[in-house]
Amino acid sequence: MNIQGAGIKRLTRNDYSWLEPESKSHQAGINLPLKQFADVFPDLVGSTGSPRIYVTAKWFSADGRAISSCNHEVVWYESKRELRLLHLEKDVFGMVARTGAMLAISRSGSELEVRAVPESAEPILGLFNLSP
């Protein structure tokens, strides 16, 4: 994979509360903080309206095991100044979703790799100012 950009996302409760059976949320997506992802998606950030790109993401667990390959949209909401990864599949995202979990997301064209970061790696990321 010829990486054109990458960022780290620390999950919040809001990122996955839609997974709960009683949730009334229509979200099914996560916020990608601009501090980490503006340079990963320069073709979207700052555009007018709500432009989106379609991507295929390969998902990996914290132990490096391939979980799935899924189709998603990445959308820029100009009105909110917000970048989001949409159309997450419950069974795939549910395997990595917990408050404080970190995802390393890299992009190459219309392909993403989404890797759950093992907790043991978090102090190392901090040394390089890579923790979100």
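Colleague: With 5% relative accessibility, how should I read R107: buried or exposed?

Modeller: R107 counts as buried, because its relative accessibility is 5% and buried means under 20% relative accessible area, exposed over 50% and partly exposed in between, with a 1.4 Å probe and protein chains only. This is a predicted model, in which local features need pLDDT of at least 70 and side-chain atom pairs count only at pLDDT 80 or more, while totals for chains, interfaces and linings use all residues. Residues are numbered from 1 along each chain as its sequence is written, and side-chain values use heavy atoms, with hydrogens and water left out.

Colleague: With which residue does R107 form a salt bridge?

Modeller: Side chains of opposite charge can pair when their charged atoms come close. A salt bridge is a side-chain nitrogen of Lys or Arg within 4 Å of a carboxyl oxygen of Asp or Glu, and R107 forms one with D43, their closest N and O atoms being 2.9 Å apart. The pair links distant parts of the chain, since R107 lies in strand 6 (residues 102–108) and D43, 64 residues apart from it, in the loop between helix 2 (34–37) and strand 3 (52–60). Helices (H or I, at least four residues) and strands (E, at least two) are DSSP runs, numbered from the N terminus. D43 is partly exposed, at 41%.

Colleague: How many salt bridges does this rule give?

Modeller: The count is seven. Among them, K9 and D15 meet at 2.9 Å, N to O; K9 is buried at 4%, and D15 is buried at 2%. Another joins R65 and D63 at 3.7 Å, where R65 is partly exposed at 45% and D63 is exposed at 59%.
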